[in-house]
Amino acid sequence: MSTEFKIDSSNRLLVYNRAVYAFMLLSALHSRISELTDNDFLMYYYTVIPIFLIIFDRFVFFRRIKKLESQDEFPYTFMRVRTYIYIFLLSAGGIIDIIPASLIVCIFLCIVYIIFQDILFCDRFDSFNSCLSISVSLLISGILIFFKYRSLVNGIWKFGLLAPLMVVIIVCDVLYLIYSRSVRSLNERYKELLFKNEDTIRENEKLIAFKDKVEKVNSEINYQRISLARANDDLAESNNESRSLIGVMKFFSSSFDIEKNAEVMVDNIMKLKNARAVGMYISDNIYMNGEPFIYVNAVDDATDRVLRSELMDIYNLVVETGSFDPLPICLNREFKYPLLSGAGICNAAAFPAYENEKIYGVMVVISGKYDFFINGYAFYETSVMDFTSALISDRLYLKTEEMAKKDGLTKIYNRIYFNQFYRELKEDVLKSGDRLTVAMMDIDHFKNVNDTYGHLAGDEVIKMVASIDSKYAAKHQGTAVRFGGEEFLLILRGVGIDEAHQILKEMHDEIKSTVVEFEDQKIQVNTSMGVASYKDTCDNIENLLDLADKAMYFSKTHGRGMIVIDGQYNEDEPAVK
């Protein structure tokens with residue numbers, strides 16, 4: 001019998017014991033009240049003993065049992081001593097006086113109850129020793145109880161008192177044997193069931209272990225499935241990015257408009273990544289641009305304004321760091337720098353655009369989503385690198401094209417390009433109805449400059465005149481052209497003859513007053529100019545250039561250093577100064 005069962009049973013037995021002891025106490029009181037005995041001491045004795053047994057069980061015996069742990073050994077010796085003491089105390093009343101029959105029955109039942117309680121708790125089923133212990137205990141208690149009855153009978157009849165005692169002993173022994181065999185049988189059955197239960201437990205443990213393995217495998221399969229799904233999503237996103245980059249590169253290869261290329265790149269990122277805003281900043285003088293280039297694509301005007309206003313500051317920050325790696329500005333609402341704080345962003349990063357270890361621009365990507373850059377920055381860096389490659393190719397093409405258009409010495413447009421664009425210009429002017437003025441100029445006595453100072457000095461003079469020609473062309477939205485060796489053109493669209501005359505006078509005076517210093521020599525030159533204007537001096541635009549040339553020739557043959565207007569001179573009149 002397990003200790004847990006004994007501990008659990010002790011609570012119920014404590015209640016039963018109290019009931020048995022109380023019944024014996026009431027039986028003693030009944031014997032005295034019914035005058036079955038007149039011995040007050042005997043009544044007091046069998047009143048005090050049940051109370052003592054109740055107190056001892058409550059505060060000593062059962063308290064000790066309740067303190068046992070499941071692995072503790074049951075106090076067998078203490079239980080056996082308790083049994084003998086209880087039997088002696090219950091039986092000792094027979095020494096005092098003759099016990100009434102009703103009280104004897106109650107005492108014997110209580111003794112039998114205590115003996116079987118001992119057997120129940122101690123469960124040491126040694127049949128011979130246990131039967132002997134029961135017989136001796138009952139015999140001693142019977143002799144003590146019937147001690148006074150010996151005076152009531154004589155002779156051999158005294159032994160008749162032992163007859164009921166022997167009956168009780170035999171009944172108790174038989175009941176014990178039946179109980180012990182039943183317990184043994186149940187114990188064997190319990191062991192058998194216990195072994196089966198242990199086998200079942202082991203099988204359950206194996207099943208649990210197998211279940212854990214299956215769950216682990218399922219978890220790994222689910223994880224792999226999730227990983228595969230994520231990989232498929234990443235692959236699909238990567239394919240989309242690759243296709244979009246290929247499309248952008250195709251556009252780059254077919255376009256030589258760098259600013260348009262930047263817009264296409266920014267718009268592609270906005271569309272593919274669903275960003276809040278993307279902005280591109282390119283510093284000045286990168287692709288023949290005089291001013292910095294800024295382009296922003298944003299989902300709302302507020303974000304557009306904030307990003308546009310801070311693009312230059314971000315570019316300066318990137319240049320200051322000197323790193324070509326992406327620069328996180330804000331990661332999941334954690335700002336690394338005090339920039340873009342008014343854009344309501346969650347993530348922002350700057351991607352340097354660099355060439356030959358020099359940063360020339362920056363692209364900024366803004367998003368309002370968490371973990372926007374969770375897959376890294378590769379796509380954005382690749383976009384910027386592709387743009388840089390296209391920029392280099394476009395710049396090379398533009399430089400080559402510019403070199404074909406411009407004179408190598410003066411850097412203004414040459415006659416070959418003039419012949420191309422002048423034809424288109426005339427067609428456009430005829431369609432629009434604008435005025436068109438052409439001035440042709442020639443450096444006076446240029447051969448003498450070469451003969452006197454050398455051809456290198458002559459080149460410096462040509463560059464000086466070309467730079468002034470280019471200056472006035474830029475100032476008045478015109479075009480400067482080196483038409484021949486020392487001949488130049490200034491073409492002014494939308495300018496009439498009177499306004500052109502004033503421009504040419506300023507230009508003529510500046511050339512005349514400019515001193516070219518070469519090898520400690522100071523050289524001054526003058527120019528002869530002829531000017532003709534479509535709609536003001538001629539009606540046929542095809543004759544415009546020829547009329548300007550004739551006006552200049554008139555200046556060259558009539559004293560040089562003059563501005564001659566087409567139609568305002570003849571062979572008999574002096575030239576216009």
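The structure is a predicted model, in which local features need pLDDT of at least 70 and side-chain atom pairs count only at pLDDT 80 or more, while totals for chains, interfaces and linings use all residues. Residues are numbered from 1 along each chain as its sequence is written, and side-chain values use heavy atoms, with hydrogens and water left out.

The chain has 577 residues, of which 43% count as buried (under 20% relative accessible area; exposed means over 50% and partly exposed lies in between, with a 1.4 Å probe and protein chains only). Its secondary structure comes to 15 helices and 13 strands, taken as DSSP runs of H or I with at least four residues for helices and of E with at least two for strands, numbered from the N terminus. Contacts are defined by heavy atoms within 4.5 Å; among those between residues at least 6 apart in sequence, 68% join residues at least 24 apart. The accessible surface of the chain is about 31,500 Å², and 56% of this belongs to carbon and sulfur atoms. Accessible areas come from the Shrake-Rupley method with a 1.4 Å probe, and for residues only the protein chains shown count as cover.

Strand β6 (residues 358-367) is mostly covered, with nine of its 10 residues buried. Strands count as paired if DSSP finds at least two bridges between them. Strand β5 (residues 347-355) runs antiparallel to β6 and is joined to it by nine bridges, one of which links Glu355 to Lys358 in β6. The two strands form a hairpin with two residues between them, and Asn356 in the turn has a positive phi of about 55°. Strand β1 (residues 277-282) also pairs with β6 in the antiparallel sense, over six bridges; Val278 stands opposite Val365 in β6.

Zero disulfides are present, a disulfide being a pair of cysteine sulfur atoms within 2.5 Å. The sulfur of Cys346 has its closest cysteine sulfur in Cys330, at 6.3 Å, which is too far for a bond. Cys346 is buried at 0% relative accessibility, and Cys538 is buried at 9%.

Leu139, Ile143, Met166, Ile170, Val174 and Ile178 make a nonpolar surface patch of about 510 Å². Patches consist of residues with over 30% relative accessible area and no salt bridge, with like charges joined within 9 Å and nonpolar side chains (Val, Leu, Ile, Met, Phe, Trp, Tyr) within 5 Å; a salt bridge is a side-chain nitrogen of Lys or Arg within 4 Å of a carboxyl oxygen of Asp or Glu. Helices α6 (127-145) and α7 (162-254) each give two or more residues to the nonpolar patch, and the largest share, four residues, comes from α7. Val174 lies in helix α7 and is partly exposed, with a relative accessible area of 41%.
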